[in-house]
Amino acid sequence: MVTDGTVLEARGLAKRLGRRQVLAGVDLTVGRGEVVGICGENGSGKSTLMRVLAGLLPSDSGEVQRHDTLGYAPQLPLLYDQLSPWEHFHYFAAARGMLQQVWEEGARQLLERYRFTQWRAHPVALLSGGTQQKLNLALALLANPAVLLLDEPYGGFEWETYLRFWEHVRELRAAGRSLVVVSHLFYDRADLDRTLVLHDGRLAEAR
Amino acid sequence: MSAGSLRRIGVSARLVARDLARNRVAVALLVVIPIVFYGLVAATTGDRDIVFELAAGGRRLLTENERHLSLLFIGMVSISGLSAFLAFVLVLRPLGADRRLAFEGYRPVELLLAKVCVMLAVAVAVALYVTALLPIFFRPARAAGVFLGFLSTSFVYATFGMVIGAVVRRELEGIMLILLLVNIDAGWLQSPVFYAHARNQALIRLLPGHHPAQITMVSAFTTLALRPEIVAAVEYAVGGLVAAAGLYWLRVRVRA
(Lines give C-alpha, C1' and ligand atoms only; values in the text may rest on other atoms or scores of the structure.)
Protein backbone atom coordinates (compact mmCIF):
# COMPACT_ATOMS: atom_id res chain seq x y z
CA MET A 1 0.00 0.00 0.00
CA VAL A 2 1.33 3.45 -0.92
CA THR A 3 -0.09 6.04 1.45
CA ASP A 4 1.44 9.46 1.54
CA GLY A 5 -1.54 11.68 2.10
CA THR A 6 -5.29 11.71 2.20
CA VAL A 7 -7.09 12.08 -1.12
CA LEU A 8 -10.70 11.80 0.02
CA GLU A 9 -12.20 12.60 3.37
CA ALA A 10 -15.80 12.44 4.57
CA ARG A 11 -16.95 13.51 8.02
CA GLY A 12 -20.35 12.92 9.62
CA LEU A 13 -22.29 12.38 6.39
CA ALA A 14 -26.02 12.08 6.93
CA LYS A 15 -28.67 11.61 4.29
CA ARG A 16 -32.36 10.95 4.56
CA LEU A 17 -34.28 9.68 1.52
CA GLY A 18 -38.01 9.97 2.12
CA ARG A 19 -38.66 8.68 5.63
CA ARG A 20 -35.53 6.58 5.74
CA GLN A 21 -32.25 7.70 7.32
CA VAL A 22 -29.88 6.11 4.81
CA LEU A 23 -26.64 7.60 6.07
CA ALA A 24 -26.32 8.47 9.73
CA GLY A 25 -22.88 9.91 10.34
CA VAL A 26 -20.51 8.27 7.87
CA ASP A 27 -16.80 8.95 8.33
CA LEU A 28 -14.35 7.82 5.67
CA THR A 29 -10.74 8.61 4.88
CA VAL A 30 -9.02 7.30 1.77
CA GLY A 31 -5.25 7.54 1.44
CA ARG A 32 -3.18 7.79 -1.73
CA GLY A 33 -2.70 4.37 -3.29
CA GLU A 34 -5.31 2.76 -1.07
CA VAL A 35 -8.03 0.38 -2.23
CA VAL A 36 -11.08 0.48 0.04
CA GLY A 37 -13.99 -1.93 -0.31
CA ILE A 38 -17.46 -1.09 0.89
CA CYS A 39 -19.85 -3.94 1.53
CA GLY A 40 -23.36 -4.01 2.90
CA GLU A 41 -26.76 -5.53 2.43
CA ASN A 42 -28.95 -4.57 -0.51
CA GLY A 43 -30.48 -1.19 0.27
CA SER A 44 -27.97 -0.38 2.98
CA GLY A 45 -27.06 2.90 1.26
CA LYS A 46 -23.81 2.05 -0.54
CA SER A 47 -24.82 3.72 -3.80
CA THR A 48 -26.20 6.73 -1.93
CA LEU A 49 -22.88 7.07 -0.15
CA MET A 50 -20.98 6.87 -3.45
CA ARG A 51 -23.18 9.55 -5.01
CA VAL A 52 -22.67 11.82 -2.01
CA LEU A 53 -18.91 11.24 -2.14
CA ALA A 54 -18.94 12.08 -5.86
CA GLY A 55 -20.97 15.25 -5.28
CA LEU A 56 -23.92 14.04 -7.32
CA LEU A 57 -26.21 14.04 -4.30
CA PRO A 58 -26.09 16.62 -1.50
CA SER A 59 -25.81 15.33 2.05
CA ASP A 60 -28.13 16.67 4.73
CA SER A 61 -25.15 17.26 7.01
CA GLY A 62 -21.45 16.49 7.17
CA GLU A 63 -18.81 17.34 4.59
CA VAL A 64 -16.71 15.76 1.88
CA GLN A 65 -13.23 16.98 1.04
CA ARG A 66 -11.85 15.90 -2.30
CA HIS A 67 -8.14 16.61 -2.53
CA ASP A 68 -7.58 15.30 -6.04
CA THR A 69 -9.30 14.46 -9.34
CA LEU A 70 -12.21 12.06 -9.07
CA GLY A 71 -13.66 9.40 -11.37
CA TYR A 72 -17.02 7.75 -10.82
CA ALA A 73 -18.68 4.68 -12.31
CA PRO A 74 -22.34 4.44 -11.21
CA GLN A 75 -23.95 1.09 -10.48
CA LEU A 76 -26.35 1.39 -13.41
CA PRO A 77 -24.61 2.51 -16.60
CA LEU A 78 -25.66 6.05 -17.43
CA LEU A 79 -25.01 6.14 -21.17
CA TYR A 80 -26.42 7.55 -24.41
CA ASP A 81 -28.51 4.83 -26.08
CA GLN A 82 -27.71 5.72 -29.67
CA LEU A 83 -24.02 6.60 -29.31
CA SER A 84 -21.23 4.06 -29.71
CA PRO A 85 -18.53 3.36 -27.10
CA TRP A 86 -16.04 5.32 -29.21
CA GLU A 87 -18.37 8.32 -29.34
CA HIS A 88 -18.78 8.07 -25.57
CA PHE A 89 -15.01 8.19 -25.14
CA HIS A 90 -14.95 11.28 -27.35
CA TYR A 91 -17.70 12.94 -25.29
CA PHE A 92 -16.12 12.17 -21.93
CA ALA A 93 -12.68 13.21 -23.15
CA ALA A 94 -14.13 16.56 -24.23
CA ALA A 95 -15.54 16.98 -20.72
CA ARG A 96 -12.06 16.54 -19.26
CA GLY A 97 -10.42 18.65 -21.96
CA MET A 98 -8.17 15.77 -23.07
CA LEU A 99 -6.06 15.98 -26.21
CA GLN A 100 -7.26 13.81 -29.08
CA GLN A 101 -4.09 11.73 -29.26
CA VAL A 102 -4.20 11.06 -25.52
CA TRP A 103 -7.83 10.02 -25.27
CA GLU A 104 -7.73 7.91 -28.42
CA GLU A 105 -4.74 5.97 -27.10
CA GLY A 106 -6.37 5.59 -23.67
CA ALA A 107 -9.66 4.47 -25.22
CA ARG A 108 -7.91 1.86 -27.38
CA GLN A 109 -6.13 0.43 -24.35
CA LEU A 110 -9.35 0.26 -22.33
CA LEU A 111 -11.27 -1.37 -25.18
CA GLU A 112 -8.56 -4.00 -25.42
CA ARG A 113 -8.07 -4.57 -21.70
CA TYR A 114 -11.81 -4.99 -21.11
CA ARG A 115 -12.28 -6.98 -24.29
CA PHE A 116 -14.91 -5.00 -26.14
CA THR A 117 -12.96 -3.58 -29.09
CA GLN A 118 -15.32 -5.31 -31.54
CA TRP A 119 -18.23 -3.25 -30.13
CA ARG A 120 -16.54 0.14 -30.36
CA ALA A 121 -18.75 1.40 -33.22
CA HIS A 122 -22.09 -0.13 -32.18
CA PRO A 123 -24.82 1.96 -30.51
CA VAL A 124 -25.02 1.27 -26.79
CA ALA A 125 -28.66 0.17 -27.13
CA LEU A 126 -27.45 -2.84 -29.12
CA LEU A 127 -24.79 -3.89 -26.59
CA SER A 128 -25.27 -6.56 -23.93
CA GLY A 129 -25.63 -5.52 -20.28
CA GLY A 130 -22.11 -6.75 -19.56
CA THR A 131 -20.59 -4.74 -22.41
CA GLN A 132 -22.47 -1.63 -21.28
CA GLN A 133 -21.01 -2.20 -17.82
CA LYS A 134 -17.52 -2.42 -19.33
CA LEU A 135 -18.05 0.92 -21.07
CA ASN A 136 -19.46 2.39 -17.86
CA LEU A 137 -16.26 1.46 -16.04
CA ALA A 138 -13.94 2.44 -18.89
CA LEU A 139 -15.41 5.95 -19.03
CA ALA A 140 -14.55 6.48 -15.37
CA LEU A 141 -10.99 5.28 -16.04
CA LEU A 142 -10.38 7.24 -19.27
CA ALA A 143 -8.93 10.41 -17.74
CA ASN A 144 -6.83 8.43 -15.24
CA PRO A 145 -8.18 10.28 -12.19
CA ALA A 146 -6.38 10.09 -8.85
CA VAL A 147 -9.40 8.71 -7.01
CA LEU A 148 -11.92 6.25 -8.44
CA LEU A 149 -15.36 5.63 -6.97
CA LEU A 150 -16.61 2.40 -8.49
CA ASP A 151 -20.11 1.24 -7.59
CA GLU A 152 -20.31 -2.51 -8.27
CA PRO A 153 -18.20 -2.02 -11.38
CA TYR A 154 -18.10 -5.57 -12.66
CA GLY A 155 -21.77 -6.63 -12.63
CA GLY A 156 -22.28 -8.74 -15.75
CA PHE A 157 -18.55 -9.20 -16.50
CA GLU A 158 -17.49 -12.62 -17.68
CA TRP A 159 -14.83 -14.32 -15.52
CA GLU A 160 -11.83 -13.35 -17.68
CA THR A 161 -12.77 -9.66 -17.69
CA TYR A 162 -13.48 -9.82 -13.95
CA LEU A 163 -9.93 -11.07 -13.38
CA ARG A 164 -8.58 -8.37 -15.68
CA PHE A 165 -10.43 -5.78 -13.64
CA TRP A 166 -8.65 -6.79 -10.44
CA GLU A 167 -5.35 -6.97 -12.28
CA HIS A 168 -6.01 -3.38 -13.39
CA VAL A 169 -6.85 -2.39 -9.80
CA ARG A 170 -3.47 -3.72 -8.66
CA GLU A 171 -1.72 -1.71 -11.41
CA LEU A 172 -3.61 1.43 -10.47
CA ARG A 173 -2.75 1.00 -6.81
CA ALA A 174 0.92 0.52 -7.69
CA ALA A 175 0.73 3.78 -9.67
CA GLY A 176 -0.59 5.60 -6.59
CA ARG A 177 -4.25 5.72 -7.59
CA SER A 178 -6.88 5.34 -4.87
CA LEU A 179 -10.07 3.34 -5.29
CA VAL A 180 -13.30 2.98 -3.38
CA VAL A 181 -15.07 -0.13 -4.65
CA VAL A 182 -18.58 -1.15 -3.69
CA SER A 183 -18.86 -4.90 -3.73
CA HIS A 184 -20.97 -7.75 -2.44
CA LEU A 185 -18.26 -10.32 -3.05
CA PHE A 186 -16.04 -11.23 -0.18
CA TYR A 187 -13.86 -13.01 -2.70
CA ASP A 188 -12.54 -9.56 -3.61
CA ARG A 189 -11.19 -8.95 -0.12
CA ALA A 190 -7.77 -10.27 -1.05
CA ASP A 191 -7.28 -7.22 -3.27
CA LEU A 192 -8.62 -4.66 -0.82
CA ASP A 193 -6.51 -2.79 1.68
CA ARG A 194 -9.53 -2.24 3.89
CA THR A 195 -13.04 -3.59 3.83
CA LEU A 196 -15.78 -1.51 5.40
CA VAL A 197 -19.35 -2.53 6.03
CA LEU A 198 -22.20 -0.04 5.76
CA HIS A 199 -24.82 -0.95 8.33
CA ASP A 200 -27.53 1.19 9.92
CA GLY A 201 -26.16 4.21 8.08
CA ARG A 202 -22.63 3.91 9.47
CA LEU A 203 -19.36 2.48 8.21
CA ALA A 204 -17.42 0.00 10.30
CA GLU A 205 -14.36 -2.16 9.66
CA ALA A 206 -15.38 -5.62 8.45
CA ARG A 207 -14.50 -8.52 10.70
CA MET B 1 -16.96 32.21 -23.59
CA SER B 2 -13.57 30.48 -23.86
CA ALA B 3 -12.31 28.48 -26.84
CA GLY B 4 -12.38 25.32 -24.70
CA SER B 5 -16.00 25.95 -23.85
CA LEU B 6 -16.92 26.47 -27.51
CA ARG B 7 -15.10 23.26 -28.44
CA ARG B 8 -17.01 21.32 -25.77
CA ILE B 9 -20.33 22.79 -26.99
CA GLY B 10 -19.42 21.78 -30.55
CA VAL B 11 -18.60 18.19 -29.58
CA SER B 12 -21.77 17.97 -27.52
CA ALA B 13 -24.00 19.41 -30.28
CA ARG B 14 -22.62 16.93 -32.83
CA LEU B 15 -23.15 13.96 -30.53
CA VAL B 16 -26.59 15.10 -29.36
CA ALA B 17 -27.65 15.44 -33.01
CA ARG B 18 -26.35 11.94 -33.80
CA ASP B 19 -28.07 10.48 -30.74
CA LEU B 20 -31.37 12.02 -31.85
CA ALA B 21 -30.99 11.22 -35.56
CA ARG B 22 -30.42 7.54 -34.75
CA ASN B 23 -33.68 7.42 -32.80
CA ARG B 24 -35.72 5.73 -35.52
CA VAL B 25 -39.07 6.15 -33.79
CA ALA B 26 -38.60 9.91 -33.51
CA VAL B 27 -37.47 10.23 -37.14
CA ALA B 28 -40.33 8.04 -38.39
CA LEU B 29 -42.86 10.12 -36.45
CA LEU B 30 -41.39 13.28 -37.93
CA VAL B 31 -41.82 11.99 -41.48
CA VAL B 32 -45.15 10.22 -41.14
CA ILE B 33 -47.30 12.34 -38.81
CA PRO B 34 -47.62 15.49 -40.99
CA ILE B 35 -48.47 13.40 -44.07
CA VAL B 36 -51.11 11.42 -42.15
CA PHE B 37 -52.60 14.53 -40.54
CA TYR B 38 -52.75 16.49 -43.81
CA GLY B 39 -54.10 13.45 -45.64
CA LEU B 40 -56.86 12.87 -43.09
CA VAL B 41 -57.96 16.50 -43.18
CA ALA B 42 -57.89 16.64 -47.00
CA ALA B 43 -59.93 13.45 -47.19
CA THR B 44 -62.56 14.37 -44.62
CA THR B 45 -63.10 18.15 -44.79
CA GLY B 46 -65.64 19.68 -47.15
CA ASP B 47 -65.22 22.65 -49.50
CA ARG B 48 -67.80 25.00 -47.98
CA ASP B 49 -66.92 28.52 -46.94
CA ILE B 50 -66.88 29.27 -43.24
CA VAL B 51 -66.91 32.56 -41.39
CA PHE B 52 -64.46 33.12 -38.55
CA GLU B 53 -62.66 35.83 -36.66
CA LEU B 54 -58.94 36.20 -35.99
CA ALA B 55 -57.72 37.68 -32.70
CA ALA B 56 -55.04 39.57 -34.62
CA GLY B 57 -57.46 40.63 -37.34
CA GLY B 58 -59.06 43.56 -35.56
CA ARG B 59 -62.30 41.61 -35.00
CA ARG B 60 -62.79 41.49 -38.77
CA LEU B 61 -64.85 38.55 -40.01
CA LEU B 62 -63.18 36.44 -42.67
CA THR B 63 -64.80 34.00 -45.05
CA GLU B 64 -62.51 31.21 -46.20
CA ASN B 65 -62.54 27.68 -47.48
CA GLU B 66 -62.97 25.22 -44.62
CA ARG B 67 -60.46 22.73 -46.00
CA HIS B 68 -57.71 25.36 -46.32
CA LEU B 69 -58.32 26.60 -42.81
CA SER B 70 -58.32 23.03 -41.44
CA LEU B 71 -55.11 22.16 -43.28
CA LEU B 72 -53.30 25.12 -41.74
CA PHE B 73 -54.69 24.31 -38.35
CA ILE B 74 -53.69 20.62 -38.51
CA GLY B 75 -50.23 21.63 -39.78
CA MET B 76 -49.78 23.63 -36.59
CA VAL B 77 -51.06 20.78 -34.45
CA SER B 78 -48.63 18.29 -36.00
CA ILE B 79 -45.71 20.73 -35.62
CA SER B 80 -46.49 21.51 -32.00
CA GLY B 81 -46.72 17.82 -31.07
CA LEU B 82 -43.60 16.81 -32.98
CA SER B 83 -41.40 19.67 -31.79
CA ALA B 84 -42.46 19.27 -28.17
CA PHE B 85 -41.89 15.51 -28.32
CA LEU B 86 -38.45 15.75 -29.99
CA ALA B 87 -37.26 18.46 -27.60
CA PHE B 88 -38.61 16.43 -24.69
CA VAL B 89 -36.66 13.36 -25.86
CA LEU B 90 -33.57 15.53 -26.23
CA VAL B 91 -33.72 16.50 -22.56
CA LEU B 92 -35.25 13.67 -20.55
CA ARG B 93 -33.71 10.52 -22.02
CA PRO B 94 -30.07 11.47 -21.55
CA LEU B 95 -30.51 13.30 -18.23
CA GLY B 96 -28.58 10.68 -16.21
CA ALA B 97 -25.73 10.59 -18.73
CA ASP B 98 -25.72 14.41 -18.86
CA ARG B 99 -25.25 14.49 -15.09
CA ARG B 100 -22.32 12.17 -15.48
CA LEU B 101 -20.79 14.46 -18.09
CA ALA B 102 -21.30 17.40 -15.72
CA PHE B 103 -19.42 15.39 -13.09
CA GLU B 104 -16.64 14.78 -15.62
CA GLY B 105 -16.22 18.48 -16.30
CA TYR B 106 -18.91 19.74 -18.66
CA ARG B 107 -20.71 22.79 -17.38
CA PRO B 108 -24.52 22.35 -17.46
CA VAL B 109 -24.80 25.54 -19.52
CA GLU B 110 -22.51 24.01 -22.19
CA LEU B 111 -24.64 20.87 -22.37
CA LEU B 112 -27.78 22.99 -22.54
CA LEU B 113 -26.47 25.30 -25.27
CA ALA B 114 -25.58 22.25 -27.36
CA LYS B 115 -29.12 20.94 -26.92
CA VAL B 116 -30.61 24.32 -27.80
CA CYS B 117 -28.56 24.40 -31.04
CA VAL B 118 -29.89 20.96 -31.98
CA MET B 119 -33.39 21.89 -30.84
CA LEU B 120 -33.37 25.00 -33.05
CA ALA B 121 -32.18 22.95 -36.02
CA VAL B 122 -34.93 20.39 -35.36
CA ALA B 123 -37.54 23.16 -35.03
CA VAL B 124 -36.48 24.64 -38.38
CA ALA B 125 -36.48 21.21 -40.05
CA VAL B 126 -39.96 20.35 -38.75
CA ALA B 127 -41.38 23.73 -39.84
CA LEU B 128 -39.74 23.50 -43.28
CA TYR B 129 -41.01 19.98 -43.85
CA VAL B 130 -44.61 20.73 -42.84
CA THR B 131 -44.60 23.96 -44.89
CA ALA B 132 -43.18 22.13 -47.91
CA LEU B 133 -46.02 19.59 -47.80
CA LEU B 134 -48.74 22.25 -47.72
CA PRO B 135 -48.73 23.25 -51.45
CA ILE B 136 -49.78 19.70 -52.31
CA PHE B 137 -53.19 20.70 -50.94
CA PHE B 138 -53.37 24.49 -51.31
CA ARG B 139 -51.22 27.59 -51.73
CA PRO B 140 -51.65 30.21 -48.98
CA ALA B 141 -51.46 33.95 -49.74
CA ARG B 142 -48.11 34.54 -48.03
CA ALA B 143 -46.22 31.23 -47.91
CA ALA B 144 -43.21 32.80 -46.21
CA GLY B 145 -45.46 34.16 -43.48
CA VAL B 146 -47.07 30.75 -43.03
CA PHE B 147 -43.59 29.27 -42.68
CA LEU B 148 -42.85 31.89 -40.03
CA GLY B 149 -46.03 30.89 -38.21
CA PHE B 150 -45.08 27.22 -38.37
CA LEU B 151 -41.54 28.06 -37.28
CA SER B 152 -42.73 30.01 -34.25
CA THR B 153 -45.10 27.15 -33.39
CA SER B 154 -42.12 24.82 -33.60
CA PHE B 155 -39.88 27.04 -31.39
CA VAL B 156 -42.52 27.74 -28.75
CA TYR B 157 -43.54 24.10 -28.41
CA ALA B 158 -39.95 22.87 -28.51
CA THR B 159 -39.12 25.05 -25.50
CA PHE B 160 -42.17 23.68 -23.70
CA GLY B 161 -41.01 20.16 -24.56
CA MET B 162 -37.66 21.01 -22.97
CA VAL B 163 -39.37 22.35 -19.86
CA ILE B 164 -41.41 19.15 -19.52
CA GLY B 165 -38.28 17.04 -20.11
CA ALA B 166 -36.49 18.87 -17.32
CA VAL B 167 -39.39 18.50 -14.88
CA VAL B 168 -40.76 14.97 -15.12
CA ARG B 169 -39.04 11.80 -13.89
CA ARG B 170 -40.49 9.31 -16.34
CA GLU B 171 -41.18 9.35 -20.06
CA LEU B 172 -44.84 8.38 -19.80
CA GLU B 173 -45.67 11.36 -17.58
CA GLY B 174 -43.99 13.69 -20.04
CA ILE B 175 -45.72 12.25 -23.08
CA MET B 176 -49.08 12.57 -21.31
CA LEU B 177 -48.36 16.21 -20.49
CA ILE B 178 -47.33 16.98 -24.08
CA LEU B 179 -50.44 15.30 -25.46
CA LEU B 180 -52.67 17.24 -23.08
CA LEU B 181 -51.04 20.59 -23.81
CA VAL B 182 -51.01 20.09 -27.58
CA ASN B 183 -54.58 18.79 -27.65
CA ILE B 184 -56.06 21.52 -25.52
CA ASP B 185 -54.08 24.49 -26.80
CA ALA B 186 -52.94 23.92 -30.39
CA GLY B 187 -55.55 21.30 -31.20
CA TRP B 188 -58.64 22.99 -29.82
CA LEU B 189 -58.59 26.44 -28.24
CA GLN B 190 -56.48 28.04 -30.98
CA SER B 191 -58.86 26.98 -33.73
CA PRO B 192 -60.09 30.31 -35.21
CA VAL B 193 -63.57 28.85 -35.61
CA PHE B 194 -63.72 27.98 -31.92
CA TYR B 195 -62.05 31.25 -30.91
CA ALA B 196 -64.65 33.36 -32.71
CA HIS B 197 -67.39 32.28 -30.30
CA ALA B 198 -65.33 31.43 -27.23
CA ARG B 199 -65.89 32.93 -23.80
CA ASN B 200 -62.84 34.25 -21.94
CA GLN B 201 -60.86 34.89 -25.10
CA ALA B 202 -58.21 36.64 -22.97
CA LEU B 203 -57.38 33.26 -21.43
CA ILE B 204 -56.91 31.70 -24.86
CA ARG B 205 -54.60 34.55 -25.85
CA LEU B 206 -52.31 33.68 -22.93
CA LEU B 207 -51.66 30.13 -24.13
CA PRO B 208 -48.38 29.25 -25.94
CA GLY B 209 -50.00 28.34 -29.25
CA HIS B 210 -51.89 31.60 -29.62
CA HIS B 211 -49.37 33.93 -31.27
CA PRO B 212 -47.93 31.31 -33.64
CA ALA B 213 -51.50 30.47 -34.69
CA GLN B 214 -52.20 34.13 -35.40
CA ILE B 215 -49.02 34.49 -37.48
CA THR B 216 -50.01 31.46 -39.54
CA MET B 217 -53.64 32.45 -40.14
CA VAL B 218 -52.97 36.16 -40.69
CA SER B 219 -50.29 35.25 -43.28
CA ALA B 220 -52.48 32.76 -45.07
CA PHE B 221 -55.66 34.85 -45.33
CA THR B 222 -54.83 38.57 -44.87
CA THR B 223 -52.23 41.21 -45.61
CA LEU B 224 -52.16 42.50 -42.03
CA ALA B 225 -48.85 43.22 -40.24
CA LEU B 226 -47.22 40.25 -38.49
CA ARG B 227 -44.74 42.07 -36.30
CA PRO B 228 -46.71 42.28 -33.00
CA GLU B 229 -47.50 38.57 -33.16
CA ILE B 230 -43.92 37.65 -34.05
CA VAL B 231 -42.59 39.66 -31.11
CA ALA B 232 -45.06 37.99 -28.74
CA ALA B 233 -44.18 34.50 -30.04
CA VAL B 234 -40.46 35.18 -29.61
CA GLU B 235 -41.13 36.35 -26.05
CA TYR B 236 -42.93 33.09 -25.34
CA ALA B 237 -40.10 31.02 -26.82
CA VAL B 238 -37.44 32.92 -24.87
CA GLY B 239 -39.48 32.61 -21.67
CA GLY B 240 -39.83 28.87 -22.20
CA LEU B 241 -36.13 28.57 -22.92
CA VAL B 242 -35.16 30.43 -19.75
CA ALA B 243 -37.48 28.21 -17.69
CA ALA B 244 -36.05 25.09 -19.35
CA ALA B 245 -32.49 26.27 -18.71
CA GLY B 246 -33.14 26.86 -15.02
CA LEU B 247 -34.89 23.54 -14.51
CA TYR B 248 -32.24 21.65 -16.47
CA TRP B 249 -29.47 23.24 -14.43
CA LEU B 250 -31.20 22.13 -11.21
CA ARG B 251 -31.32 18.53 -12.46
CA VAL B 252 -27.78 18.31 -13.87
CA ARG B 253 -25.57 20.40 -11.58
CA VAL B 254 -22.87 18.75 -9.48
CA ARG B 255 -22.03 20.04 -6.03
CA ALA B 256 -18.39 20.95 -5.52
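How many salt bridges does the structure hold over all chains? The count is 23, a salt bridge being a side-chain nitrogen of Lys or Arg within 4 Å of a carboxyl oxygen of Asp or Glu. The model is predicted, so that local features need pLDDT of at least 70 and side-chain atom pairs count only at pLDDT 80 or more, while totals for chains, interfaces and linings use all residues. Residues are numbered from 1 along each chain as its sequence is written, chains are lettered from A in the order in which they are written, and side-chain values use heavy atoms, with hydrogens and water left out.

Within chain A, the side chains of A:Asp60 and A:Lys15 form a salt bridge (3.8 Å, N to O). This pair links distant parts of the chain, 45 residues apart: A:Asp60 is in the loop between H1 and strand S4 (61-66), and A:Lys15 is in strand S1 (residues 6-17). Helices (H or I, at least four residues) and strands (E, at least two) are DSSP runs, numbered from the N terminus.

Between the two chains, 28 residues of chain A are in contact (heavy atoms within 4.5 Å) with 25 residues of chain B. The buried area is about 2400 Å², and carbon and sulfur atoms give 57% of that area; buried area is the accessible area (1.4 Å probe) that two parts lose on being put together, summed over both. Three salt bridges are found across this interface. A:Glu87 and B:Arg22 meet through their side chains in a salt bridge at 2.8 Å, N to O. On the side of chain A that touches chain B, the elements giving two or more residues are helix H1 (46-54), strand S5 (70-73), helix H2 (85-96) and helix H4 (129-141). H2(A) gives the most, with seven residues.

The largest pocket is lined by 23 residues, and A:Arg51, A:Leu78, B:Gly96, B:Arg99 and B:Arg169 lie nearest its centre. On a 1 Å grid over the protein atoms alone, a pocket is an open set of points where a 1.4 Å probe fits, with protein on both sides within 12 Å along at least five of seven lines; lining residues have an atom within 4 Å of a point. H4(B) provides the largest share of this lining, four residues.
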